[in-house]
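Trainee: I am new to this structure and would like to go through it step by step. Please put it up, and I will ask as we go.

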Amino acid sequence: MADIHQLWVAAILGIVEGLTEFLPVSSTGHMIIVGHLLGFEGQKAETFEVVIQLGSILAVVVMFWRRLFGLIGIRFGEVKHEGIGSGHLTLIHILLGMVPAVVVGLAFHDQIKTLFNPINVMYALVVGGVLLLAAEFFKPKQPKAVGIDDITYRQAFMIGCFQCLALWPGFSRSGATISGGMLMGVSRYAASEFSFILAVPMMIGATGLDLYKSIGFLTMEDFPMFAVGFITAFVVAMIAIKVFLELIKRISFVSFAIYRFILAAVVYTIFM
């Protein structure tokens, strides 16, 4: 029965991960909160929460595979140009977007792990919500980068700097990068697409590092649980990405900020 219980926990967390990974509400924060409520905590839980994010990342690969292969010079037909200029998104943009968080993440990996608890998530939800509001109210009236191919090297690097905020569990990687992009003059839609593509190498790297550090206490008995969480996150994320990209054409991020504040209040009521 304990094994069945673990598989149910994995499925629930997979659904939570798939729904929230690409929304600016923090998938990690939601999994920490839900995991705590389900009694699933500790080193294995922290590793599980990182590993099943690969399921969501696989969904990005499936949806943006032409663009991703094009970044490394492998072309399957013509990739649609998205922008008003003559520029193109390149691998350099992705590398510039990765560097800040990679450097900070490697330098403070152990310290970051100590932040994985509901109280720190609560504070991150509030601060991240404030950033979303700032992005909506202080973004340029006319974006300089309308499409993803309009993004400059400087904008890519600055988005990468904002991504460092997402090392704080509960802040939201997509929330930090999309808000940062908007403040740097990138349209909400283009910033979202760039955030999704940037997530692929970032999460693969983070998962690889976490698995390497966790290899000592993971066993083959953990495989079914990890597999269920991975597959569930992949299927749900495929749906969530399509819905989100349509949703942001119609609504602002104010509603997501309000949701974050409400969730933070709930966390305060339960855990304080």
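Trainee: How many Å does helix 8 reach from its first C-alpha to its last?

Mentor: Some ground rules come first: this is a predicted model, in which local features need pLDDT of at least 70 and side-chain atom pairs count only at pLDDT 80 or more, while totals for chains, interfaces and linings use all residues. Residues are numbered from 1 along each chain as its sequence is written, and side-chain values use heavy atoms, with hydrogens and water left out. Helices are DSSP runs of H or I with at least four residues, numbered from the N terminus, and the expected span is 1.5 Å times one less than the number of residues. Helix 8 covers residues 118-138, 21 residues for which 30 Å is expected, and its reach is close to that, at 30 Å.

Trainee: Is glutamate 136 buried or exposed, and which residues does glutamate 136 touch?

Mentor: Glutamate 136 is found in helix 8. Its relative accessibility is 9%, so glutamate 136 counts as buried. Contact means heavy atoms within 4.5 Å. Not counting residues up to four places away in sequence, glutamate 136 touches Met182, Arg188, Ser252, Phe253 and Val254.

Trainee: Which residues is phenylalanine 196 in contact with?

Mentor: Neighbours within four places in sequence are left aside here. The contacts of phenylalanine 196 are then Phe22, Val60, Phe64, Arg173, Ile241, Phe244 and Leu245.

Trainee: What is the accessible area of the nonpolar patch on the surface?

Mentor: In soluble globular proteins, nonpolar side chains tend to be buried together. A patch is made of residues with over 30% relative accessible area and no salt bridge; like charges are joined within 9 Å, and nonpolar side chains (Val, Leu, Ile, Met, Phe, Trp, Tyr) within 5 Å. Helix 5 (65-71) and helix 6 (91-107) each supply at least two residues of the nonpolar patch. By the Shrake-Rupley method with a 1.4 Å probe, Trp65, Phe69, Ile72, Ile74, Phe76, Leu91 and Leu95 together have about 610 Å².

Trainee: Which residues join into one network of salt bridges?

Mentor: A salt bridge is a side-chain nitrogen of Lys or Arg within 4 Å of a carboxyl oxygen of Asp or Glu, and the structure holds six. Arginine 67 forms one with glutamate 82, the closest N and O atoms being 3.2 Å apart, and one with aspartate 149, at 2.8 Å. Aspartate 149 lies in the loop between helix 8 and helix 9 and arginine 67 in helix 5, so this pair ties together parts 82 residues apart in sequence. Another bridge joins arginine 250 and glutamate 246, whereas shared partners make one network of Arg67, Glu82 and Asp149.

Trainee: What relative accessible area does aspartate 149 have?

Mentor: Glutamate 82 counts as partly exposed at 22% relative accessibility. Arginine 67 is buried, with 10%. Aspartate 149 is buried too, and its relative accessible area is 2%.

Trainee: What is the phi of serine 172?

Mentor: Serine 172 sits in the loop between helix 9 and helix 10. At 5% relative accessibility, serine 172 counts as buried. Its phi is positive in a residue other than glycine, near 95 degrees.

Note on methods
Buried < 20%, exposed > 50% of the residue type's maximum accessible area, 1.4 Å probe, protein only.
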